[in-house]
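Subject: A structure for you to look at

Hi,

Here is the structure I promised to pass on. Please open it first, then read my notes beside it.

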Amino acid sequence: RLRAHGAALVAREALAVRGTLPEVQVSTEVSSEHPARMLLRHSATGYLVALGAQGADGFGTHIGSILLSVTSHAEGPVVVVRTESEEQPRPRESGPVVVGVDGSPLSEAAVAAAFEEAAERGAQLVAVHAWSDLTFGSFVGDPYTWFPMSDIEVNEEAILAERLAGWQEKYPDVPVRRHISMAEPAAHLQRWSESAQLIVVGSHGRGSFRGLLLGSVSNYLVQHAKCPVMVVRSPEGVQAHED
């Protein structure tokens, strides 16, 4: 009975996809394998894995869920799509693609994916860079902040421009807007998710510890962003970072 129910479910969804995008080839699979393991297996050969942000029980996803297991360990990009509701209107299709850039080599894969998505969608790309992952209150009494903030901003602008330069040459038709903030990257990206059609982030960045595969910013956004979130992981970069 369970297999029959599963077969009917995926057949219905395949029919819906074909009705919307008849040119797309659709295959289905019903398995007793653990859902996270099955999705991770497909992530090794798939272009990307797409997940809903809430399961069939209607409860939000939290640490230890299938959602975070897959976004933490998938071998390719994962797109998390939140369930729409009246309280959460669908973002405008004319909204930008927003990418979080932390200045580390590991964010290069996220920037590459963001430029590709913006080009495919004919959208503006907004590159968001925060000087620190901390909150503003954390800087009280910090001697480093005695330096003029304008000097720090100029330095961070140079870092961001360097990360984007090659990609802007590769995608000259993608309009790019740069946004610099002093701190709280998750909060800034969350605000952008209210108008963006897609947020792109790396699986972890400059603040990650060995073995912590999903960074705090990515973790927060896949659970709370108001638009789809793409989490990009660079296997080569992760290995180099951990070594």
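At what angle do helix α2 (residues 35-43) and α3 pack, and how many Å apart are their axes? The angle is about 25°, and the axes are 9 Å apart. An angle under 35 degrees counts as roughly parallel, so α2 is roughly parallel to α3. The crossing of α2 and α3 is right-handed.

Before more detail, one caution: this is a predicted model.

**The whole chain**

The protein chain holds eight helices and seven strands. It has 243 residues, and 41% of them count as buried.

On the α2 side, the contact is made by Pro35, Ala36, Leu39 and Leu40. On the α3 side, Ile66, Ser69, Val70 and His73 take part. By class, the contact of α2 with α3 has six nonpolar residues, two polar ones and no charged ones.

- β1 and β2 run parallel, and four bridges join them. Gly52 has Val81 in β2 as its bridge partner.
- β3 (residues 97-100) and β6 (residues 198-202) also run parallel, joined by three bridges. Val99 has Val200 in β6 as its bridge partner.

Strand β1 has two faces. Val49 and Leu51 are on the covered face. Ala50 and Gly52 are on the uncovered one.

Val78 is found in strand β2. Is Val78 buried or exposed? Its relative accessibility is 1%. Buried means under 20%, so Val78 counts as buried.

Look at what surrounds Val78. Leaving out residues up to four places away in sequence, Val78 touches Val49, Leu51, Val70, Thr71, Val229, Met230 and Val231. Val49 is 29 residues from Val78 in sequence. In space, the two are 4.7 Å apart, C-alpha to C-alpha.

**Helix α7**

Now select α7. Which residues of α7 are buried? They are Val217, Ser218, Asn219, Leu221, Val222 and Gln223. These buried residues pack against α3, β2, α6 (185-192), β6 and β7.

Two helix partners of α7 are described here.

Start with α3. The axes of helix α3 (residues 66-73) and helix α7 (residues 216-224) come within 11 Å and cross at roughly 140°. Angles over 145 count as roughly antiparallel, and α3 and α7 are therefore oblique to each other. Their crossing is right-handed. Leu67, Leu68 and Thr71 in α3 meet Asn219, Val222 and Gln223 in α7. The residues of this contact divide into three nonpolar, three polar and no charged.

Then take α6. The axes of α6 and α7 come within 9 Å, with a crossing of roughly 30°. That is why α6 and α7 are roughly parallel to each other. The crossing of α6 and α7 is right-handed. From α6, the contact has Pro185, Ala186, Leu189 and Gln190. From α7, it has Val217, Tyr220, Leu221 and His224. The contact of α6 with α7 has six nonpolar residues, two polar ones and no charged ones.

Best wishes

Conventions. Residues are numbered from 1 along each chain as its sequence is written. This is a predicted model: local features need pLDDT of at least 70, side-chain atom pairs count only at pLDDT 80 or more; totals for chains, interfaces and linings use all residues. Side-chain values use heavy atoms; hydrogens and water are left out. Axes are lines fitted to C-alpha atoms, for helices over the stretch in contact, and angles run from 0 to 180 degrees between N-to-C directions. Angles under 35 degrees count as roughly parallel, over 145 as roughly antiparallel, 65 to 115 as roughly perpendicular and the rest as oblique. A crossing is left-handed if the near helix is turned anticlockwise from the far one by less than a right angle, and right-handed if clockwise. Contact means heavy atoms within 4.5 Å. Ala, Val, Leu, Ile, Met, Phe, Trp, Tyr, Cys and Pro count as nonpolar, Asp, Glu, Lys and Arg as charged, and the others, Gly among them, as polar. Two strands pair if DSSP finds at least two bridges between them. Buried means under 20% relative accessible area, exposed over 50%, partly exposed in between (1.4 Å probe, protein chains only).
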